[in-house]
Amino acid sequence: MAMKTKLHPRNQHREGYDFVRLVAQSPELEAFIIRNPAGRLSIDFKDPQAVRMLNGALLKAYYGVGFWDIPANYLCPPIPGRADYIHHLADLLAGSNMGEIPCGHSIKALDIGTGASLVYPLIGQSEYGWNFTGVDTDAGALKSAQQICELNGLNITLRQQAECDNIFKGVIEPKDRFHITLCNPPFHASMEQASKGTQRKWSNLGKGSSKALNFGGQNAELWCPGGEIKFIARMIEQSAEFADQCLWFSSLVSKKDNLVPLERILKKAKVADFEVVEMAQGQKTSRFVAWTYVRKDRRSLFFG
């Protein structure tokens, strides 16, 4: 089977960045526009301010987000890849809803580690009208997310996770029922590993060395003891307690090598079903794993 090299068919960024459109709606972006070696309009992706400005312009032009900003040093995620996750989750839910993509406020999504950017709720609410709850351990991130909500008149529920070792407990309330949970987990095992990963990225891009992370990131966003494999394993273990309250749980998996042990953990957890969904953007391939405790013949009841 040929590897996909394109974003999801419904992803609005499939044809790349339309800088003419972006500058027309966000004139402040123009100061950061350059021409790449091929002569095309671009930005300097190693410049954190340029990346943040691009994100704001994309969210405004494509998702109707009039105000968007984040404090310095918080994770500034690339929009096209984040949108891909949302669109593939919509397809996953359609598989439990007689093939129809579920839209509207009755569809409830839980974003674990929503961050200062609030990027998944912003995209998911705009594209599908889903009802989002964003969770984070970081009070500063939630303050930023709350400001984005207030200045755009958005109804997104925000909850702080008080216990760092808990993922769902303490933020999923007894009355809650979610159709999907999503997460971009911290993928490094230490800050040192995170820094080395950044240096490798710059080296691969031919940019030399850089101490700065162009997409930023607080410690909790970038690393945790044991890296993403331990984080997702803990998520799977803790999800069992909420088996009846969530239709599908999911998490991005940055390292392909982690799939085999994660599949082994899922089988041991006796989930009813799990899927690994591959996503691609150019030569870069990413993926997410999703699992459910709900039998196939009962999944449509979540949409009733």
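**Group meeting talk: helices, cores and a buried proline**

Hi everyone. The chain has nine helices and nine strands, where helices are DSSP runs of H or I with at least four residues, strands are E runs of at least two, and both are numbered from the N terminus. A word on the source: this is a predicted model, with local features needing pLDDT of at least 70 and side-chain atom pairs counting only at pLDDT 80 or more, while totals for chains, interfaces and linings use all residues. Residues are numbered from 1 along each chain as its sequence is written, and side-chain values use heavy atoms, leaving out hydrogens and water.

Let me begin with the whole chain. Of its 304 residues, 47% count as buried, that is, under 20% relative accessible area with a 1.4 Å probe, protein chains only. Among contacts (heavy atoms within 4.5 Å) with a separation of 6 or more, 69% come from residues 24 or more positions apart.

Now, which residues touch the most other members of the largest nonpolar core? They are Leu22 and Trp130, in a core of 56 residues. Such a core is a set of buried Ala, Val, Leu, Ile, Met, Phe, Trp, Tyr and Cys residues joined through side-chain atoms within 4.5 Å. Helix 2 gives the most to this core, with nine residues. A second, separate core has 25 residues, including Ile112 and Val271. In soluble globular proteins, nonpolar side chains tend to be buried together.

Back to Leu22: leaving aside neighbours within four places in sequence, Leu22 is in contact with Tyr17, Leu29, Leu54, Ala57, Leu58, Ala61 and Tyr62.

The axes of helix 2 (residues 48-63) and helix 4 (residues 119-128) come within 11 Å and cross at roughly 15°.

Finally, is Pro102 buried or exposed? Pro102 counts as buried because its relative accessibility is 4%. You'll find Pro102 in the loop between helix 3 (79-94) and strand 3 (108-112). Beyond neighbours within four places in sequence, Pro102 is in contact with Ala90, Leu93, Ala94, Asn97, Ile107, Trp130 and Phe303. Pro102 and Ala90 are 12 residues apart in sequence, and their C-alpha atoms are 7.1 Å apart in space. Thanks, everyone!

Definitions and conventions: Axes are lines fitted to C-alpha atoms, for helices over the stretch in contact, and angles run from 0 to 180 degrees between N-to-C directions. Buried means under 20% relative accessible area, exposed over 50%, partly exposed in between (1.4 Å probe, protein chains only).
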